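Try each task before you read its solution.

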Amino acid sequence: MKEHSEYLYEFGINGYFILPSVLRDNEIQNFLDYWSSNLFEHPVHDVNFNWGAEWCRLIDCEPVFAFLCAVFNSRFRLDHMFCVDERFVSAGAKLHHGPNMFEEGIYYFVRDKKIHCGLVAAQYSLIDAPLQANHFCCIPGSHRGNFPVPEHLRTLKDNALARHIALRAGDALIFSEALVHGTCKVESSGPRRAVFARYMNAYSYFRRPPQHDLINILPRTPNHAQSNNNHFDPRCLSPRQRQIVVEPAYARGRPALKE
């Protein structure tokens, strides 16, 4: 395995890199056994950690965990995790995302030799993912772009900038969601078995959490015992005020405030 600094360099230059063989053979077989018995009905399944210890290990798989600590300064959280087969084609077979989507929690920039980024994904391949299968593709380096992505480069046809990434079983592909990326759809695709884990800064959500208490008390001012905020009735607020105060934090699909 390469030095840690080399992976950081690849991530900075390309927006992605591959950690080889992070999953053990017996783990891979357990994943595939569970998949063949339970995950055949739909192309996408959200992961449930009751499925087994292997699935829990994907939360903080050691080589991936070490890299995420470096990128997020050891302050990050798992936002969501799901698994896909060869039937899954993201964004209607078009490339999506791009740099500087700050309001959506998707961005990448470097200041004082330190990476600052939003949503970061780890894709674990449970079987070999050759170029003959529907699989991850991207425009390398596009996470650092400073200009809008030309619309014709959102498609894969005659796109000289797009690259289809091949993986071996057990590999982890780490990428910034600010990378222009998608699924390379091929005719008569071979099988695909992949698990995506996506991480955010510890202070934010990307997807709106399905369970989240609405806020009805503001945080106390720290180190001041006399500060004593009490619960309030959200019904005393206007709709816009409720959106500002009561709504939980999340990025994807959050409506803009009306002026």
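**Exercise 1: Helix α1 and its neighbours**

Find the elements that the buried residues of α1 pack against.

Solution. In this predicted model, the partners on the strand side are β1 (16–19), β4 (108–111), β5 (114–117), β6 (120–125) and β9 (172–176). A helix, α4 (62–72), is also among the partners. Next, pick out the residues concerned: within α1 (residues 4–14), Tyr7, Glu10, Phe11 and Gly12 are the buried ones. Finally, step just past the end of α1, where glycine 15 has a positive phi of about 90 degrees.

**Exercise 2: The overall fold**

Decide whether the radius of gyration of the protein agrees or disagrees with that of a compact globule.

Solution. Start with the inventory: the protein has 5 helices and 11 strands. Along the principal axes, its C-alpha atoms fill a box of roughly 60 × 45 × 40 Å. For 259 residues, a compact globule would have a radius of gyration near 18 Å; the protein has 20 Å, so the two agree. Now turn to the contacts: among those with a separation of 6 or more, 79% join residues 24 or more positions apart.

**Exercise 3: Surface and charge**

Work out what share of the residues is buried and how far apart the mean positions of the charges lie.

Solution. Buried residues account for 42% of the 259. The accessible surface is about 14,700 Å², and carbon and sulfur atoms contribute 52% of that surface. As for charge, there are 28 positive and 27 negative charges, with mean positions 7 Å apart.

Key. Residues are numbered from 1 along each chain as its sequence is written. This is a predicted model: local features need pLDDT of at least 70, side-chain atom pairs count only at pLDDT 80 or more; totals for chains, interfaces and linings use all residues. Side-chain values use heavy atoms; hydrogens and water are left out. Buried means under 20% relative accessible area, exposed over 50%, partly exposed in between (1.4 Å probe, protein chains only). Helices (H or I, at least four residues) and strands (E, at least two) are DSSP runs, numbered from the N terminus. Contact means heavy atoms within 4.5 Å. The radius of gyration is taken over C-alpha atoms; the globule rule is 2.2 Å times the number of residues to the power 0.38. Accessible areas come from the Shrake-Rupley method with a 1.4 Å probe; for residues, only the protein chains shown count as cover. Lys and Arg count as positive and Asp and Glu as negative; His and the chain ends are not counted. The place of a charge is taken as NZ of Lys, CZ of Arg, CG of Asp or CD of Glu.
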